Amino acid sequence: MFPPFPQEKAAKVLYSLIQSLASGETALVQVSRESEERKNQGVMLGALVCEDENGNEVNLITNSGIAKKLKTENGKRKTENSAGFNFQIAGPVVSAQEIENALSENDAEIHALTEKIKKENSRELRELREKLCSSSLEKVYALYEFHCIDGKLRSLKEICGMYNKEKLPPTGTGDCCAPKLLDYAFSHKLRPVSLAETKYKTPSGNNCSFPLVPPCDERCGIILPAMLGLRILWRDDSICVVNKQSGVLSVPGRGEDKQDSIESRFRRLFGDKVEIKQPAVHRLDMETSGIMILAFTKEAHRELNRQFEAKEVQKEYTALLDGVLPKMGIAPHGQMELFFRLDVENRPHQIWDRENGKSAVTEWEISGVERYHAPDGTTRNATRVLFKPHTGRTHQLRLAAADSHGFNCPIIGDTLYGKCEKGERLMLHAKKISFKHPVTKEQMTIECREEF
């Protein structure tokens with residue numbers, strides 16, 4: 001994962017914590033049995049600098065896992081070390097005892113099956129053990145709930161439905177530093193400002209280096225987007241690039257029920273770091289997923305707008321179309337120019353109008369034909385297409401696919417120009433964008449693979 005917050009402030013707290021461990025003011029205490037594979041691996045240490053409702057800074061610290069916990073010299077959860085840092089220790093989301101209790105129900109039977117398998121090596125026994133292990137994991141995961149920035153308490157099951165295709169996550173999901181720290185912060189109405197993590201082993205000799213590392217992809221990459229409301233691909237003091245999920249507005253709409261959006265989530269997460277009221281540099285349709293750029297500063301917003309207007313920004317989209325384009329005589333690669341305008345009697349639909357419509361130029365490349373597995377269990381052929389829009393018209397790619405002047409083959413899940421069955425989403429994703437950084441002028445290319 002890309003670090004969701006600046007690291008500098010939290011890094012100072014983190015290194016102060018390491019000094020406190022070295023001096024004995026703070027200790028890592030073993031509280032439960034450590035697994036064999038994790039022995040001598042060390043732990044992750046994390047620090048989160050927050051602001052309370054009065055603007056006062058609060059320093060949170062924690063360690064990864066549930067086998068060890070940080071303990072201060074005076075035994076209190078809130079303390080000050082000799083370097084002058086006030087610490088508050090964020091404990092685990094679920095305690096080691098709670099996990100042990102959840103695992104105990106099937107534990108004896110799993111161990112018995114393991115012994116039998118050593119003797120018989122039966123496929124049926126292995127499948128039964130796997131089923132019991134999955135059942136135990138589900139009991140453990142059912143214990144995890146996380147406080148999120150929007151005030152909601154989300155279960156791990158709900159989060160996996162949003163960000164892990166409803167699959168069971170890796171073991172230990174929820175026990176990393178970042179989810180613990182953010183859960184504590186949001187449950188105490190604190191706003192995150194800076195986050196830093198490092199892998200810690202008791203230093204020996206000259207080995208006293210503790211480089212910062214970002215939150216992990218395999219576990220935190222599932223939980224943090226749900227807790228923060230955004231999946232961050234890149235962030236600095238000028239811009240933030242996110243992966244917008246399908247079904248979320250780019251900017252707030254009209255009415256109370258349309259205020260949740262990527263833009264409003266961005267402002268909620270970063271607060272007064274966002275200088276402008278409308279930080280979104282460009283928009284994606286609500287049903288489209290993928291890369292979206294927001295600006296922290298007026299200057300960055302102005303320069304990126306200039307680049308979009310001057311057609312200096314290159315974008316690529318992936319779409320899954322409901323049919324087989326090669327059988328329809330569509331060339332493997334090409335470019336089309338279509339003309340559309342708003343259908344004023346059927347908003348927000350766009351209609352073909354050669355005389356009054358705006359030009360929409362789209363380059364395409366057929367990636368291949370594949371089997372699409374629909375939510376209802378049926379399968380059918382579909383064509384994966386790479387789109388490169390050279391203009392930025394409303395619904396440009398959806399119309400390039402669906403309109404009779406284009407491919408006459410709508411994108412799967414298109415509620416406006418095709419059909420969307422229960423459980424489907426629009427299979428259109430903004431996967432790549434290239435632009436010049438508005439401050440450094442460095443050429444940037446950011447990619448984010450589709451999840452379909």
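**Reading backbone features**

Trainee: Let's start with His395: where is it found in the chain?

Mentor: His395 sits in the loop between strand S18 (379–389) and helix H9 (396–402). Keep in mind that this is a predicted model.

Trainee: Is His395 buried or exposed?

Mentor: Buried means under 20% relative accessible area. His395 has 9% relative accessibility, so it counts as buried.

Trainee: And what about Glu166: what is its phi?

Mentor: Glu166 isn't a glycine either, yet its phi is positive, about 65°. You'll find Glu166 in the loop between helix H4 (156–163) and helix H5 (177–187).

Trainee: Is Glu166 buried or exposed?

Mentor: The cut-off for exposed is over 50%. Glu166 has a relative accessible area of 68%, so it is exposed.

Trainee: Now peptide bonds: is the one from Arg347 to Pro348 cis or trans?

Mentor: In general, most peptide bonds are trans. The bond from Arg347 to Pro348 is cis, with omega near 0°. Pro348 lies in the loop between strand S15 (333–342) and strand S16 (350–352).

Trainee: Zooming out, how many helices and strands does the chain have?

Mentor: The chain has 9 helices and 20 strands. Its C-alpha trace spans about 80 × 65 × 45 Å along the principal axes, and 48% of its 452 residues are buried.

Notes. Residues numbered from 1 in each chain as written. Predicted model: local features only at pLDDT ≥ 70, side-chain atom pairs only at ≥ 80, totals over all residues. Heavy atoms only, no water. Helix = DSSP H or I, 4+ residues; strand = E, 2+ residues; numbered from the N terminus. Buried < 20%, exposed > 50% of the residue type's maximum accessible area, 1.4 Å probe, protein only.
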